[in-house]
Structures are given as structure tokens and as C-alpha cells.
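Dear colleague,

Please find the structure below, handed over for your use. My notes on what was found in it follow directly after.

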Amino acid sequence: MAFLHKKDIQVGEKDVPNFPGTLCVSINDEIIHGIPSNRRVIRDGDVVSIDLVVYKNGFHGDAARTFIVGNSTPQKKKLVDITKQAFFEGIRYAVKGNRIGDISHAIGEFVEKNGFNVVREFQGHGIGEEMHEDPGIPNYGKAGRGIRLEPGMTLAIEPMVMIGKPDICVLDDGWTIVTEDESLAAHYENTILITEKEPEILTLS
């Protein structure tokens with residue numbers, strides 16, 4: 001399996017190849033942007049992340065979930081649970097008057113307190129008429145930093161968590177991001193709306 005080291009990853013470059021699928025399916029040590037294929041077989045015990053975007057009435061919605069296929073282990077379950085809970089820890093601070101850094105800090109602190117690491121090269125983002133808009137929303141950082149949150153903002157908040165070291169690589173397909181040490185990873189994401197009161201989750205049924 002050929003790959004490039006994280007120093008070679010150019011996040012946000014315009015010349016990345018077109019994604020050859022309708023959704024991202026990332027398995028085990030694949031963190032994000034896994035390419036689905038009928039040549040890939042999902043097996044018992046695999047950790048599988050599904051990430052998709054819906055475009056409707058001129059606006060985008062972005063969401064991701066991670067599932068354990070069949071039999072699990074306590075470590076895999078903890079990874080998936082902590083990744084999901086990190087999202088909810090973050091949106092506690094997604095309220096009018098707070099700053100982006102408040103969300104980022106809450107996510108990173110919760111993940112690291114539970115013995116895992118977050119991806120630092122990729123982040124959440126604003127979302128609306130375009131899939132990726134400002135501001136960027138890292139999964140780590142200092143509270144009180146970044147732009148102030150205002151009602152009407154729509155944000156895609158997405159903890160990306162790995163069991164092992166926070167080092168990543170991109171496969172030679174130009175898309176799939178994997179853990180360098182081949183440790184397991186998980187991804188959880190929702191699109192939210194900042195309101196006058198509590199945030200509204202737009203992609204949670």
C-alpha cells in the first residue's frame with residue numbers, strides 16, 4: 001500500500017483529484033475520505049465510518065457516523081463512543097457569543113482526557129451554499145480564540161479521532177487519509193445551526 005507522509009498533504013489544494021464516489025467509506029485505520037469499491041469486503045469486527053453530503057434547495061448538509069460491524073471489543077466501542085461524545089461536548093459551547101476556539105478546545109480536551117488523539121491536519125468547517133466555507137473548526141485549540149458565534153451561522157463540526165499517535169498519511173489515490181501507525185480511527189459529524197439559544201442539529205434524526 002503506497003502512501004505519502006503528512007508533510008506531503010496539501011489540505012485544500014485546488015488540484016486534488018475528483019472524488020470517485022458518492023460517499024466516503026473509511027475502514028479501520030482509514031480516518032476520512034475512504035473510497036468505496038466493490039473490490040473491498042467489510043469484515044466482522046471492522047470499524048467503518050460513513051461520511052456524506054446532501055445538497056438540497058441550494059444548501060449543503062454534512063454528516064458522518066462510525067459503526068462497528070458484527071463483533072466488537074471494549075477498545076473499539078470506547079473509540080466510537082468517545083468520538084461521538086466529543087461532538088456533543090463541543091456543541092455545548094456552540095452558542096451565541098462564544099468563539100470557535102471554545103468548541104475546538106472542548107473537543108480536544110475531552111478526546112485527550114480519554115486517552116485518544118484528534119487529527120490536526122483536517123477540521124470542521126462552515127457550510128451553506130458551498131460545502132466548505134469559513135470558518136475552519138479544528139478539533140483542538142485554546143478557548144476564547146477565533147471568530148465569535150452569531151445566530152444564523154451553520155457549521156459542520158466533526159471530531160476525527162484515532163487510538164494511536166496523531167500522525168497521518170494520505171494514500172496514493174490522493175484522497176484516503178490513514179493513521180501512520182495503522183491504529184483504528186473514528187469520525188462523527190453533524191451540521192448545526194447557531195440560534196439565539198441552544199444550537200440546532202440539522203442532520204440528526
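Predicted model: local features only at pLDDT ≥ 70, side-chain atom pairs only at ≥ 80, totals over all residues.

**Findings: the open sheet**

Five strands, in the order β8-β7-β9-β14-β15, form an open sheet with antiparallel pairing. Here strands (E, at least two residues) and helices (H or I, at least four residues) are DSSP runs numbered from the N terminus, and two strands pair if DSSP finds at least two bridges between them. At the edges stand β8 (133–137) and β15 (200–201), each of which pairs on one side only.

Residues are numbered from 1 along each chain as its sequence is written, and side-chain values use heavy atoms, with hydrogens and water left out.

Strand β7 (residues 124–126) is joined to β8 by 3 bridges and runs antiparallel to it; Gly124 stands opposite Ile137 in β8. Further along the sheet, β9 and β14 (residues 190–193) pair in the antiparallel sense over 4 bridges, and Ala156 has Thr191 in β14 as its bridge partner. Between β14 and β15, which run antiparallel, there are 2 bridges, with Leu193 opposite Glu200 in β15. A hairpin joins β14 to β15 through 6 residues.

**The chain as a whole**

The secondary structure of the protein chain comes to 2 helices and 15 strands. Its C-alpha atoms fill a box of roughly 45 × 35 × 35 Å, taken along the principal axes.

Buried residues make up 44% of the 205 residues, where buried means under 20% relative accessible area, exposed over 50%, and partly exposed in between (1.4 Å probe, protein chains only). The protein chain exposes about 10,900 Å², of which carbon and sulfur atoms supply 51%; accessible areas come from the Shrake-Rupley method with a 1.4 Å probe, and for residues only the protein chains shown count as cover. Among contacts (heavy atoms within 4.5 Å) between residues at least 6 apart in sequence, 67% join residues at least 24 apart.

**Nonpolar cores**

A nonpolar core is a set of buried Ala, Val, Leu, Ile, Met, Phe, Trp, Tyr and Cys residues joined through side-chain atoms within 4.5 Å. The largest has 26 residues, and those with the most contacts inside it are Leu79, Ile103, Val111, Phe116, Leu155, Ile157 and Ile192. Two or more residues each come from α1 (74–91), α2 (100–113) and β9 (154–157), with α1 giving the most, 6 residues. Apart from this core lies another, of 10 residues, including Ile32, Phe122, Val170 and Ile177.

Residues up to four places away in sequence aside, Ile192 touches Phe87, Ile91 and Leu155, among others.

**Cysteines**

With a disulfide taken as a pair of cysteine sulfur atoms within 2.5 Å, the count comes to 0 disulfides. Cys24 is in no disulfide, and the nearest cysteine sulfur, that of Cys169, is 18 Å away. That distance is too far for a bond. Cys24 counts as buried because its relative accessibility is 11%, and Cys169 counts as buried at 1%.

**Local backbone features and one loop**

Most residues other than glycine have a negative phi, and most peptide bonds are trans.

- A cis peptide bond, with omega of about 5 degrees, joins Asp134 and Pro135; Pro135 is in strand β8.
- Asn57, in the loop between β4 (47–56) and β5 (59–68), has a positive phi of about 55 degrees and counts as exposed at 69% relative accessibility.
- Glu182, in the loop between β12 (177–179) and β13 (185–187), has a positive phi near 65 degrees and counts as exposed at 64% relative accessibility.

Finally, Gly144 is placed in the loop between β8 and β9 and is partly exposed, with a relative accessible area of 45%. Leaving aside neighbours within four places in sequence, Gly144 is in contact with Arg99, Gly101 and Asp102.

With kind regards
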